[in-house]
Amino acid sequence: MPFLDRLQRWADDRPDETAVVVAGERLSWGRLRDQAAALVPAAPAITVLSEHNSTRFAVAFAAAVAGVRQCAVLDPAWPRQLEHAITDRIAGIPPAPGPPAGPDLGPGTELGTDFVDGPPGASFLIGLTSGTTSVPKAFTRSRRSWQESFEASIEFFGLTRDDRILAPGPLAASLNLYALAECLYAGAEFHTLDHFDVGAAHAAVSHDGITRLVLVPTMLRLLSERGLAGGVDASGISSIVCAGSKLDARTLEAARRWAPHATIFEYYGASELSFVSGAGLRPGEAAEPGGTGIGQPFPGVDIRILDDRGAELPDGSDGNICVRSGMVSNGYLWGDDGQALRCFDGWYTVGDQGYVSGGTLHMLGRRSDMIITAGTNVYPHEVEMALASVPGVAAAVAAGRTDDVRGQRVVAGVVPAHGAVTATHLKSGIEDVLARNKRPLEYFALAELPLTDRGKISRQLLLDWVDRNDPRIRRLG
């Protein structure tokens, strides 16, 4: 029961009010319901939806999860060969059991022809991890898990039917797909763009009465900094929901100046776990500089830090972030290596490392990124957050370089926000934020961040640049 019963309710009560807006094209609650219902009789057991943002996407997605149907949403930017490989695997999945067939029932009846939600415990969504050169892992979610997620996020973020949400990213991404479905559930007006464009996003904020943004940190920085420079009024935004990584100091400062009345939420979650923890920074509230804290447990979520044997660790000790909630996925259809989603007697983890202190979860990163220097465990994320809080630093990346004495030494590269930075400036800036044995021993100024071809920070690439004295990197004395 994810959202179709709610969509029916809003279509009955408010048929002519706007439900979805994509690049200026509006779709009312009544038209969304009627167009989706018309597609249901021909909808297959499993729909593979690979499409760019459009109102058609919203209609197709609603129809694809009616009855006992399932939907797999693929990124249309993925290579065709990868898309075909996923589609072939999905074709081999047996359909979910439907209602018993009666006499003289036409084709497709075994799936149900009505525009209604299926059983709460049945799977409705096939999620896919980020695409790589190999076939991504696939996991499933039940209707009940999303309904519980809706209830938790609506309570935590304070979503109401009077809100107008702009999620400017691709609907194929889980963050934006969830935002769309959450709005259909809550009765709020959902806005997106046909593709991410700063000017188009600013126009929506200025002219469509947007009250909430749902986006990733890089988008928030672009909208905030360019909005400030261009005089775009964001005073009507009351909340910003940011996911993907913890906000750095520069992004947070720009967002608070651009949208002065907004509560800025950041949260930790994973596709397989749903929401885990989060925090909201209200207007005028002081932020913790360079901190790794990512808030307290979401409604309905219990958190424990467990070691690799499943034993609980005391407050302040880092280990596997494990959760217990009704929002956890059903597990993998394929690609399960036994490590990606582990379970310790009902407590689930995707391998992210962290610790709890005073009820607040602190996110440290993946164990594979950990640096061991002179017997001390250092996570690059905590170093990067500390450096990003230093005035004059736009972005930072840290890694462990081989050291004959220490095993590894922490090295860091920073992209200056303006002018030049010095090693002395960086060292003094993190003195009160980062423990002495976790501080970098070498600093470099970067012309750009070391990124993979998929736009993710590559710590190995930073080390490669250092080793070959790449022109994009300059040692700071």
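Does Ala-374 count as exposed or buried, and at what relative accessibility? The legends below take up this residue along with several others.

**View 1. Ala-374 sits in a loop between two strands.** At 59% relative accessibility, Ala-374 counts as exposed, where exposed means over 50% relative accessible area, buried under 20% and partly exposed in between, with a 1.4 Å probe and protein chains only. The loop runs between strand E21 (371–373) and strand E22 (376–378); strands (E, at least two residues) and helices (H or I, at least four) are DSSP runs numbered from the N terminus. Ala-374 has a positive phi of about 50°, although it is not a glycine.

A word on the model before going further: it is predicted, so local features need pLDDT of at least 70 and side-chain atom pairs count only at pLDDT 80 or more, while totals for chains, interfaces and linings use all residues. Residues are numbered from 1 along each chain as its sequence is written, and side-chain values use heavy atoms, with hydrogens and water left out.

**View 2. Ser-274 is another non-glycine residue with a positive phi, here of about 70°.** You will find Ser-274 in strand E12 (residues 274–281). Ser-274 is buried, with a relative accessible area of 12%.

**View 3. Leu-361 belongs to the largest nonpolar core.** A nonpolar core is a set of buried Ala, Val, Leu, Ile, Met, Phe, Trp, Tyr and Cys residues joined through side-chain atoms within 4.5 Å. Beyond its neighbours within four places in sequence, Leu-361 is in contact (heavy atoms within 4.5 Å) with residues including Tyr-268, Val-276, Thr-292, Ile-303, Ile-321 and Tyr-355. Another core lies apart from it, with 25 residues, among them Leu-166, Ala-234, Ile-240 and Ala-259. As a general background, nonpolar side chains tend to be buried together in soluble globular proteins.

**View 4. Helix H10 (residues 380–388) is mostly covered.** Nine of the nine residues of H10 are buried.

**View 5. Asp-16 lies in the loop between helix H1 (4–13) and strand E1 (18–22).** Asp-16 is exposed, with a relative accessible area of 71%. Look across to Thr-452, 436 residues away along the chain: the two C-alpha atoms are separated by 46 Å.

**View 6. Cys-343 has its place in strand E17 (residues 342–344).** With a relative accessible area of 42%, Cys-343 is partly exposed. Its C-alpha atom is separated by 37 Å from that of Asp-163, 180 residues apart along the chain.

**View 7. Stepping back, the protein chain holds 12 helices and 26 strands.** Its C-alpha trace spans about 80 × 55 × 45 Å along the principal axes. Of the 477 residues, 54% are buried. Among contacts between residues at least 6 apart in sequence, 68% join residues at least 24 apart.
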